[in-house]
Amino acid sequence: MGFEEMWAALLPIGRDPATGGYHRFAWTPPELQCRAWFLDEARRRDLDVEHDANGNMFAWWLPGDGSRDDAVLTGSHLDSVPGGGAFDGPLGVVSAFAAIDCLRERGAGLRRPIGVAVFAEEEGARFGIACLGSRLLTGAIAPARARALTDGDGHTFAEVLHNAGLDPDAIGPDEDLLGRIGCFVELHVEQGRALREPVGVASSIIPHGRWRFDFRGEGDHAGTTALPDRRDPMLPFAGMVLAAREAAERNGAVATVGKVRVVPGGVNAIPSSVTAWLDARAPEDEAVRRTVAEVDEAARVAARPHRVSVDLAEESYTEVVDFHRALRDRIAATLGGPPVLPTGAGHDAGVLSARVPAAMLFVRNPTGVSHAPAESAEPADRLAGVEALTAVLDDLACG
Ligand code: GLV
Ligand code: MN
Ligand code: MN
């Protein structure tokens with residue numbers, strides 16, 4: 001199966017025909033279909049499939065002596081944000097299989113194992129914490145906290161794991177698996193407008209995090225409740241959204257409110273509560289912290305006259321990631337000096353980098369759009385990505 005055939009097989013899965021956006025949330029039917037696709041492709045290539053306790057999957061090509069140590073891991077994720085693009089995640093997995101095919105066609109001899117990873121719940125679209133699978137693997141989140149996370153329907157992560165045939169009590173760091181990974185190289189579609197050549201190499205991931213604001217007032221009738229009698233949480237919520245934009249501008253950050261839950265959500269009812277999630281990122285840790293503190297202060301000031309309470313919870317925070325210098329330089333040399341660029345997007349490679357040397361390849365995105373249906377990579381650039389990954393794996397694992 002060549003790249004385009006693999007790509008075509010994945011394309012319809014979880015795609016909303018009306019918008020063209022993808023809905024592949026962890027362990028929902030479309031994501032399970034993507035997992036089944038991965039297992040088929042692994043079996044087709046006689047790769048050795050490993051499921052870890054955290055819902056991550058690995059397909060290993062082992063050297064002749066069967067050694068499993070010092071592996072070169074590649075791959076990415078198959079889940080999506082709500083209404084996401086086709087490329088964020090799957091491009092790295094499909095390219096990994098295609099690169100293995102190229103190496104085999106060339107008769108490359110393997111010195112080190114090559115693995116294709118699929119990390120679970122990378123987007124955090126279902127349980128709220130991005131890179132949940134790699135965070136659990138590396139010990140970046142406590143298993144007890146992960147087990148208690150709930151999805152939008154109130155199902156816990158523990159329940160969902162159990163229904164998927166996994167033991168929720170077994171989740172957590174896996175030192176044996178981590179000890180076998182010599183390095184991780186994730187290929188990913190570029191998610192901004194900075195890459196003007198077919199392939200680039202990542203230098204860093206900027207600090208980023210997610211915060212939840214709970215505004216609580218009093219539900220009441222939209223027609224009979226006089227304005228002075230209202231405790232309407234929607235008003236300070238609106239103030240908080242505008243404050244986020246202003247705070248981001250002041251601090252050289254970006255801030256986004258992309259998800260809101262209004263209870264009870266009736267056209268003719270004053271809400272009793274509004275929950276809103278703030279995503280904030282900046283090149284400096286300090287700028288992110290200041291942005292969130294300023295938004296919090298503005299929300300409280302806006303809430304007071306309406307007798308609304310405000311609670312702020314940090315759901316996740318990831319400090320700056322500087323990718324492994326020697327690995328990145330070696331990859332850049334192998335590829336003949338491609339552009340080296342930072343990114344504002346989070347990745348499993350960033351989480352893994354706390355424990356193993358990690359690096360990333362980016363494939364040009366002509367629209368510059370991501371987490372939306374217009375996300376794209378031209379066929380010629382996809383092949384350039386496969387060629388680049390093949391050269392990198394050849395250098396690191398073959399010969
Ligand atoms: C993941 O893609 C993120 O940056 O939120
Ligand atoms: Mn993403
Ligand atoms: Mn991604």
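**Figure 1. Overall view of the protein.** Buried residues make up 54% of the 399 residues in the protein, where buried means under 20% relative accessible area, exposed over 50%, and partly exposed in between (1.4 Å probe, protein chains only). This is a predicted model, in which local features need pLDDT of at least 70 and side-chain atom pairs count only at pLDDT 80 or more, while totals for chains, interfaces and linings use all residues. Residues are numbered from 1 along each chain as its sequence is written, chains are lettered from A and ligands numbered from 1 in the order in which they are written, and side-chain values use heavy atoms, with hydrogens and water left out. The secondary structure comes to 12 helices and 15 strands; helices (H or I, at least four residues) and strands (E, at least two) are DSSP runs, numbered from the N terminus. Along the principal axes, the C-alpha atoms fill a box of roughly 80 × 45 × 40 Å.

Figure 2. Of the contacts between residues at least 6 apart in sequence, 76% join residues at least 24 apart; contact means heavy atoms within 4.5 Å. The protein exposes about 16,200 Å², of which carbon and sulfur atoms supply 52%. Accessible areas come from the Shrake-Rupley method with a 1.4 Å probe, and for residues only the protein chains shown count as cover. There are 39 positive and 58 negative side chains, and the centres of the two sets lie 3 Å apart. Lys and Arg count as positive and Asp and Glu as negative, without His and the chain ends; the place of a charge is NZ of Lys, CZ of Arg, CG of Asp or CD of Glu.

**Figure 3. The site of the manganese ion (ligand 3).** His77 (NE2), Asp88 (OD) and His188 (NE2) are the protein donors of this ion, at 2.0 to 2.2 Å. Donors are N, O and S atoms within 2.8 Å of the metal (3.2 Å for Na, K and Ca); water is not among the atoms, so sites may look incomplete. Along the chain the donors follow the spacing H-x10-D-x99-H. Asp88 lies in the loop between β3 (71-77) and α3 (90-105), and His188 in strand β5 (residues 181-189), so the pair ties together parts that are 100 residues apart in sequence. Asp88 is buried, with a relative accessible area of 5%, and His188 is buried at 1%.

**Figure 4. The site of the manganese ion (ligand 2).** The coordinating atoms come from Asp88 (OD), Glu123 (OE), Glu123 (OE) and His371 (NE2), at 2.0 to 2.7 Å. The donor residues are spaced D-x34-E-x247-H in sequence. Glu123, in the loop between β4 (114-119) and α4 (132-138), and His371, in the loop between β15 (358-363) and α12 (379-397), link distant parts of the chain, 248 residues apart. Glu123 is buried at 8% relative accessibility, whereas His371 is partly exposed at 38%. Asp88 coordinates both this ion and the manganese ion (ligand 3), and the two ions are 3.7 Å apart.

Figure 5. A cis peptide bond joins Val263 and Pro264, with omega about 5°. Pro264 is placed in the loop between β9 (254-263) and β10 (269-270). Cys131 has a positive phi of about 60° although it is not a glycine; this residue is in the loop between β4 and α4 and is buried, with a relative accessible area of 4%. Arg307, also not a glycine, has a positive phi near 55°. Arg307 is in the loop between α9 (285-303) and β12 (309-318) and counts as partly exposed at 45% relative accessibility.

**Figure 6. The surroundings of Leu278.** Leu278 lies in strand β11 (residues 273-281) and is buried at 1% relative accessibility. Leaving out residues up to four places away in sequence, Leu278 touches several residues, including Trp211, Phe213, Met240, Val257 and Val292.

**Figure 7. Val241 and Asp48.** Val241 is in helix α8 (residues 234-251) and is partly exposed at 30% relative accessibility. Val241 and Asp48 are 193 residues apart in sequence and 48 Å apart in space, C-alpha to C-alpha.
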